[in-house]
Amino acid sequence: MATAAGSDRTASLRGRRVLVTGASGGIGAAVARRVASAGAKVAMLARRADRLSTLATELGCDATAVPCDVTDLAALRNAVDTAAEAMGGIDAIVANAGRVHMGHIATGDPALWREFIDLNLTACLGTIRYGLDHVDTTPADVVLVGSTAARHPMEATGIYAATKTGLAAAAESLRLELGDRGIRVCLFEPGRVATEAGKNARLEPGGRHGTMGPDIVPLAGDEVAEVIEFILSRPANLALNTVVARPVRQGLP
């Protein structure tokens with residue numbers, strides 16, 4: 001994806017300082033690799049310290065691993081502070097950490113749902129809240145990684161869809177809050193992506209892994225990361241507020 005005529009994409013994010021959550025695998029790791037290859041500094045938050053350390057070593061001196069359980073809000077705030085100190089500030093936040101839940105609201109366990117609300121919604125917004133304390137320059141970006149599940153909730157996806165719908169509402173509110181500061185806000189809603197998140201979805205009784213049919217080829221994490229690089233590398237006055245990316249044969253959600 002070109003950044004400008006004749007430009008070199010290895011420099012499309014030169015000088016940027018990008019915070020990525022859920023960075024130990026899947027979309028988050030792909031985003032970390034992509035923005036680092038585009039010239040940005042990157043700080044990576046996730047629980048799996050061994051994977052983060054390996055990825056930071058792979059990416060080199062401009063990558064910082066900050067192991068953290070993002071649902072522990074005190075630990076999250078400390079981790080974001082550590083990330084900002086390592087990079088000399090923050091001017092892009094990619095709030096990606098999340099997990100998939102499959103199960104029926106009518107028969108499910110509300111105590112279990114809280115785990116997904118805490119991770120998919122509260123931790124995402126907490127990351128943004130604490131990260132914004134360190135944003136002092138423009139262009140600056142906040143990217144909330146949602147899901148097409150929020151656009152078309154389906155049977156047995158209600159809790160997951162509810163968390164991602166909450167992100168969509170928060171993204172619009174943030175757009176209005178932050179525009180006067182020159183901070184761009186994007187709700188990025190991918191469809192089916194070939195990551196661990198889908199394979200490791202939490203199944204309650206009645207939950208199931210959807211296939212969407214035999215002809216669906218999921219997006220690759222690298223393809224999703226390419227779109228996020230594109231979002232971050234637009235001219236300062238151009239905000240892509242909502243971006244939806246699906247496999248070409250995906251119908252719903």
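The structure contains an open sheet of seven strands in the order S3-S2-S1-S4-S6-S7-S9, with parallel pairing; helices (H or I, at least four residues) and strands (E, at least two) are DSSP runs numbered from the N terminus, and two strands are taken to pair if DSSP finds at least two bridges between them. Strand S3 (63-67) and S9 stand at the edges, each with a single partner strand, so one side of each is left without a neighbour in the sheet. From one strand to the next, the twist averages 15 degrees. Strands of a sheet pair through backbone hydrogen bonds, either parallel or antiparallel.

The model is predicted: local features need pLDDT of at least 70, side-chain atom pairs count only at pLDDT 80 or more, and totals for chains, interfaces and linings use all residues. Residues are numbered from 1 along each chain as its sequence is written, and side-chain values use heavy atoms, with hydrogens and water left out.

Helix H2 (residues 49-59) packs on the sheet and touches strand S2 (41-46) and S3, where contact means heavy atoms within 4.5 Å. The direction of H2 makes about 175 degrees with that of S3; axes are lines fitted to C-alpha atoms, for helices over the stretch in contact, and angles run from 0 to 180 degrees between N-to-C directions.

Strand S6 was examined in detail. Six of the six residues of S6 are buried, so the strand is largely enclosed by the rest of the structure; buried means under 20% relative accessible area, exposed over 50%, and partly exposed in between (1.4 Å probe, protein chains only). Ala140, Val142 and Leu144 point one way from S6, while Asp141, Val143 and Val145 point the other way. S6 runs parallel to S4, to which four bridges join it, and Asp141 in S6 is the bridge partner of Ala92. S6 also runs parallel to S7, with six bridges between the two, and Val142 stands opposite Val185 in S7. Together, S6, H5 and S7 make a right-handed β-α-β unit; a crossover is right-handed if, with the strands pointing away from the viewer, the path from the first strand over the helix to the second runs clockwise. S7 in turn pairs with S9 in the parallel sense over four bridges, with Pro190 opposite Ala245 in S9.

Helix H7 (residues 221-232) has 12 residues, which at 1.5 Å a residue should span 16 Å; its end C-alpha atoms are 17 Å apart, which agrees. The expected span is 1.5 Å times one less than the number of residues. In H7, the buried residues are Gly221, Val224, Ala225, Val227, Ile228, Glu229, Ile231 and Leu232. These buried residues pack against several elements, including strand S1 (17-21), helix H1 (26-37) and strand S4 (92-95). Leu125 is placed in helix H4 and, at 29% relative accessibility, counts as partly exposed. Leaving aside its neighbours within four places in sequence, Leu125 is in contact with Leu144, Leu167 and Ala170.

Backbone geometry was considered next. Most residues other than glycine have a negative phi, and most peptide bonds are trans. The peptide bond from Thr138 to Pro139 is cis, with omega near 5 degrees, and Pro139 is found in the loop between helix H4 (110-132) and S6. A cis peptide bond also joins Leu252 and Pro253, with omega about 0 degrees; Pro253 belongs to the segment after S9. Ala156 has a positive phi of about 70 degrees although it is not a glycine. Ala156 lies in the loop between S6 and helix H5 (158-178) and is buried, with a relative accessible area of 4%.

The segment after S9 also holds Val248, which counts as exposed at 82% relative accessibility. The C-alpha atoms of Val248 and Ile216, 32 residues apart along the chain, are separated by 8.0 Å.

A disulfide is a covalent bond between the sulfur atoms of two cysteines. With a disulfide defined as a pair of cysteine sulfur atoms within 2.5 Å, the count comes to zero. Cys186 is in no disulfide, and the nearest cysteine sulfur, that of Cys124, is 12 Å away. Cys186 is buried, with a relative accessible area of 2%, whereas Cys61 counts as exposed at 78% relative accessibility.
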